[in-house]
Amino acid sequence: MSPMAESPQDRAAFLREELQRHERLYYLDAKPEISDRDFDRLMAELAEIEEEHPELRTADSPTQRVGGEPTEGFEQVEHEPPMLSLDNTYDHDELEEWVERLKRLLPDTEFEFICELKVDGVSLSLLYEAGVLTQAATRGNGRVGDLVTANARTIRTLPLRLPAAAPTRLLVRAETYMRRSAFAALNEQRAAAGQELYANPRNTTAGTVRQLDSRDVARRRLDVACYEWVQPADDDRERPSHGESLAALADLGLPVNDSWRRCKGLDEVVAFCDEWQEKRGDLDFEIDGVVVKVDDPDLRQRLGATAKAPRWAVAFKFEAEQAETVVRAINAQVGRTGAVTPVAELEPVLVAGTTVKRATLHNYEDLARKDVRVGDAVVIEKGGDIIPKVVSVFEERRGPESKPFAPPGECPVCDEKLYQPEEEALLRCVNAACPAVVREAIRHFASRNAMDIEGMGDWLVGELVGGGLVRDPADLYGLTVDELADLKKTNDARLGEKAAARTVASLAESRKERSLSRLIYALGIRFVGDSTASLLARRFRTVDGLAAASAEELEEVDEIGARIAESVRAFFDSERNQDLLRRLKEAGLEFEEDAAADDGADQPLEGKVFVLTGSLEGMTRNEAGARIKALGGKVTGSVSGKTDFLVAGEKAGSKLRKAEQLGVEVLDQAGLEELLGAGS
Ligand code: AMP
Ligand code: ZN
């Protein structure tokens, strides 16, 4: 809160301005000035004021972004002028015919065109009155659509209020869509929650726009692109050209896709279409073609429209990205983290100009759900992803010999028995020596929170693994200065003696100076992060003790559930991992916890549960958390009856209130430091 006594009204106005400015910086300029957390804090403060003083809540308040109460159904609104469709063309000849037709309608005219991307989403009509977004409607039947204003307000890139320069009434047509990245994230969440996956961003957008509960819409992260400034027929001020109006919309802060181009004739139009047909996969959103529009507003008026579509515009539709083919085989692919995924080898087929031979099946669970089998006729789709995917199967065309595909039992690279972690859709190769896994494993082993080996960066790890000098972490400790010094950094520069000697010295240091918990973490056991590693170190005290622990014994440790226990067991049951551990021990690594380190006297916060909130001076929350854990305390994310202390820094918010409600002891920074100091 600001130190001066500000009226809630002034404060709310100030917060609205600030939030709008930061939204612009973040979403439009991609130059944020404050962290997401600080942004959320401002938003929470505004929401709180509006909660207490509902009369201060405005239609353009950024709090409307998170959605409001669900509605029973949508109100209807008439489109004036109607939202027309577009005529389609599918090849260069049809484009040429369209241009010829324009020339017949208006002989002796030079046409200039604006070419735009045809974003594949759902169209919206947006109305700003006195600079404020007051209406958003779907196309509906073109004459009457659904009012989805609350839903549109949740679209972060869409300004709720325009700058003062905006006309008093502004009607804009736009396409709302979901970015591929947002769509992928959504499906990932759904997969994790065991829900059915959505088919594609377009259908998901269509479903989302018509959600009755705008809070659900807010969570989906839609985006929007404005493509048409609609000037009322009775407005006889001078009309800008279409290109000028796109620039003007962008100047008002409205999201306009800036890939549009003014084209002087058919050749330039064709070049634009071909260019984007080629580049469409590079975009983070799907486009299904290009829209070609006459630029001159007078020519547009003279051309007019049919009942269905304007004569001054046409869509150039891209070739379908789907094709039918046959699955020849289903192979397994091992990723860098040991994840094994199925890949369909296909009868080669031409899709949108390129030959496709392989398609990803995502994971074995997904494969089973779609029931893809060897020999199946399938539909594949080339989206923006590098590898096309199998969309659907023609089950009715199967022969009698068709049988469901069984996932592999062993790693195709190293023959290790594959392991399926509970609650995970992926199969994994847990063999630390699997070549596909080695590189990532070494990188993790050497990383800062693990063995902290200075000089062992991505480049060096790549060279060592690629050149066969290192096959597992134990090999690192056999490296000599000469071997390292000879590595070629560039064509004519070697790594050199100095750097090599430094790296060997830091390897030697890591051998003796790292704690048992770092070593356990460095092994890269699935689900064993650094805090789990320190729990395991404290409980089992030696690597051998940990390796010998049964799943039941592991689960007896606080915070360790069946999933982690199973993963730890699978790791130590692997013969190759047992060999790795033997060699690490021979290399002289510390396999036992320093007796002093877990002496009870050093754990004064043993069993105490902390929650951190707000900002601390001179240390990050991570650092504070690490110091608490070093003294045996536990840090969790949310305040509950089990919380012993809430550490509240500057600008603490809802967690502080909750702690006070629950009677949890609250520490300020001085209180925390006293507690931490007591342990040292
Ligand atoms: P169609 O749905 O095939 O009749 O194509 C017309 C639709 O394309 C419009 O209703 C818009 O939703 C959509 N569209 C996407 N991008 C544009 C654009 N740049 N200009 C005009 N319409 C577009
Ligand atoms: Zn393997």
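**Exercise 1.** Determine whether Cys411 is buried or exposed.

Solution. Cys411 has a relative accessible area of 1%. Buried means under 20% relative accessible area, exposed over 50%, and partly exposed in between, with a 1.4 Å probe and protein chains only. Cys411 is therefore buried. Cys429, with a relative accessible area of 4%, is buried too.

This is a predicted model, in which local features need pLDDT of at least 70, side-chain atom pairs count only at pLDDT 80 or more, and totals for chains, interfaces and linings use all residues. Residues are numbered from 1 along each chain as its sequence is written, chains are lettered from A and ligands numbered from 1 in the order in which they are written, and side-chain values use heavy atoms, without hydrogens and water.

**Exercise 2.** Find which residues coordinate the zinc ion (ligand 2), and name the arrangement of the donor atoms.

Solution. Step one: donors are N, O and S atoms within 2.8 Å of the metal (3.2 Å for Na, K and Ca). The SG atoms of Cys411, Cys414, Cys429 and Cys434 coordinate the zinc ion (ligand 2) at 2.2 to 2.5 Å.

Step two: along the chain, these donors follow the spacing C-x2-C-x14-C-x4-C. Cys411 is in the loop between strand 16 (389-393) and strand 17 (427-428), and Cys429 in the loop between strand 17 and helix 12 (435-446), so this pair ties together parts that are 18 residues apart in sequence. Helices (H or I, at least four residues) and strands (E, at least two) are DSSP runs, numbered from the N terminus.

Step three: four donors count as tetrahedral if all angles lie between 85 and 135 degrees. The four donor atoms here subtend angles of 99 to 116°, so the arrangement is tetrahedral.

**Exercise 3.** Classify the ring pair of Trp98 and Phe113.

Solution. Rings of Phe, Tyr and Trp (its six-membered ring) pair if their centres lie within 6.5 Å; planes under 30 degrees apart count as stacked, over 60 as edge-to-face and the rest as tilted. The structure holds eight aromatic pairs. For Trp98 and Phe113, the centres are 5.6 Å apart and the planes at 45°, so the pair is tilted. Trp98 belongs to helix 3 (residues 92-105) and Phe113 to strand 3 (residues 113-119), 15 residues apart. Both Trp98 and Phe113 are buried. Together with Phe111, they form one aromatic cluster.

**Exercise 4.** Identify which ring lies under the charged end of Arg300.

Solution. A charge sits over a ring if NZ of Lys or CZ of Arg is within 6 Å of the ring centre and within 35 degrees of the ring normal. The ring is that of Trp312, with the charged end of Arg300 3.9 Å from its centre.

Notes. Four donors count as tetrahedral if all angles lie between 85 and 135 degrees; four count as square planar and six as octahedral if opposite donors are over 155 degrees apart and all others between 65 and 115; anything else is irregular.
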